[in-house]
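Have the sequence and the model open as you read.

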Amino acid sequence: MKLLALLLYPAFSLLSTTPWLTDFNLAKTEAAKSHKAILINFSGSDWCGPCIRMHEEIFESGAFEQEASADLVLVNADFPRLKKHQLPKEQVKCNEALADQYNPKGIFPLTVLVDQNGKVLKQWEGYPEETPRQFADEINTLLHSGH
């Protein structure tokens, strides 16, 4: 049981070589400085199976990591349910405000690609039915097709 708890612990950002931020305003500042887009992922790290799968299979893949490091600032808006994984109240407020703006229907997982100004370029509801390479290539095409 302890092993399961460790596997589900909402520390996705520690598993990735490209850091996942939790502050959208900081992400917008970083995106403006580096001329990158922002990828926001709404997840339930300790209860949403497709969310966990998405982080393990897509976001931790070499193909996605390569695309992310080149073109993206990553933001994880996590909504854990277990008491031991609860986020600080300030972070919960930030995540809820971000959800009000980009995920008002409460879809999990929801991944939203926005430009450095916060304009939505594309969103994926649920687990994308594509390989990590296809997902990364789709992002690359969206970002380099004149948007």
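## Ground rules

Two strands pair here if DSSP finds at least two bridges between them. Helices (H or I, at least four residues) and strands (E, at least two) are DSSP runs, numbered from the N terminus.

The model is a predicted one: local features need pLDDT of at least 70, side-chain atom pairs count only at pLDDT 80 or more, and totals for chains, interfaces and linings use all residues. Residues are numbered from 1 along each chain as its sequence is written, and side-chain values use heavy atoms, with hydrogens and water left out.

## The overall layout

The chain has seven helices and five strands. Going along the sequence, they come in the pattern α-α-β-α-β-α-α-β-α-β-β-α. Of the 147 residues, 45% count as buried, where buried means under 20% relative accessible area, exposed means over 50% and partly exposed is in between (1.4 Å probe, protein chains only).

As for contacts (heavy atoms within 4.5 Å), residues 24 or more positions apart account for 68% of those with a separation of 6 or more. The accessible surface comes to about 8,100 Å², and 54% of that belongs to carbon and sulfur atoms. These areas come from the Shrake-Rupley method with a 1.4 Å probe; for residues, only the protein chains shown count as cover.

## The sheet and its helices

The five strands make an open sheet in the order 1-3-2-4-5, with mixed pairing. Strand 1 (20-21) and strand 5 (120-125) sit at the edges with a single partner strand each, so one side of each has no neighbour in the sheet.

Two helices are worth a look against this sheet. Helix 3 (residues 24-34) packs on the sheet and touches strand 1, strand 2, strand 3 (72-78) and strand 4, its direction making about 170 degrees with that of strand 3. Helix 5 (residues 62-71) lies across strand 1, strand 2 and strand 3, and runs at about 110 degrees to strand 3. For these angles, axes are lines fitted to C-alpha atoms, for helices over the stretch in contact, and angles run from 0 to 180 degrees between N-to-C directions.

## Strand 4 up close

Which strands does strand 4 pair with? On one side, strand 2 (residues 37-43) and strand 4 (residues 110-114) are antiparallel over five bridges. There, N41 stands opposite T111, and I38 has V114 as its bridge partner. Strand 4 also pairs with strand 5 in the antiparallel sense, over five bridges, and V112 has Q123 as its partner there. Strand 4 and strand 5 form a hairpin with five residues between them, and G118 in the turn has a positive phi of about 95 degrees.

Strand 4 is mostly covered, with five of its five residues buried. In a regular strand the side chains alternate between the two faces of the sheet. Here L110, V112 and V114 point one way, T111 and L113 the other, and all are buried.

## Two cores

A nonpolar core is a set of buried Ala, Val, Leu, Ile, Met, Phe, Trp, Tyr and Cys residues joined through side-chain atoms within 4.5 Å. The largest one has 18 residues, and L39, F59, F64, L72, L113, F135 and I139 touch the most other members. Strand 2, helix 4 (49-59), helix 5, strand 3, strand 5 and helix 7 (132-143) each give two or more residues to this core. Helix 7 has the largest share, four residues. Apart from this core lies another, of 16 residues, among them A27, V75, L110 and V112.

L113 is a handy place to start looking: leaving aside neighbours within four places in sequence, its contacts include L39, L72, V120, W124, I139 and L142.

## Local details

The cysteines give one disulfide, meaning a pair of cysteine sulfur atoms within 2.5 Å. C48 and C51 form this link, with their sulfur atoms 2.3 Å apart, and at 75 degrees about the S-S bond it is right-handed. C48 counts as buried at 5% relative accessibility, and so does C51 at 1%. C94, at 39%, counts as partly exposed.

Two loops deserve a check as well. P109 is in the loop between helix 6 (89-102) and strand 4, and the peptide bond from F108 to P109 is cis, with omega near -15 degrees. H35, in the loop between helix 3 and strand 2, has a positive phi of about 55 degrees although it is not a glycine. At 66% relative accessibility, H35 counts as exposed.
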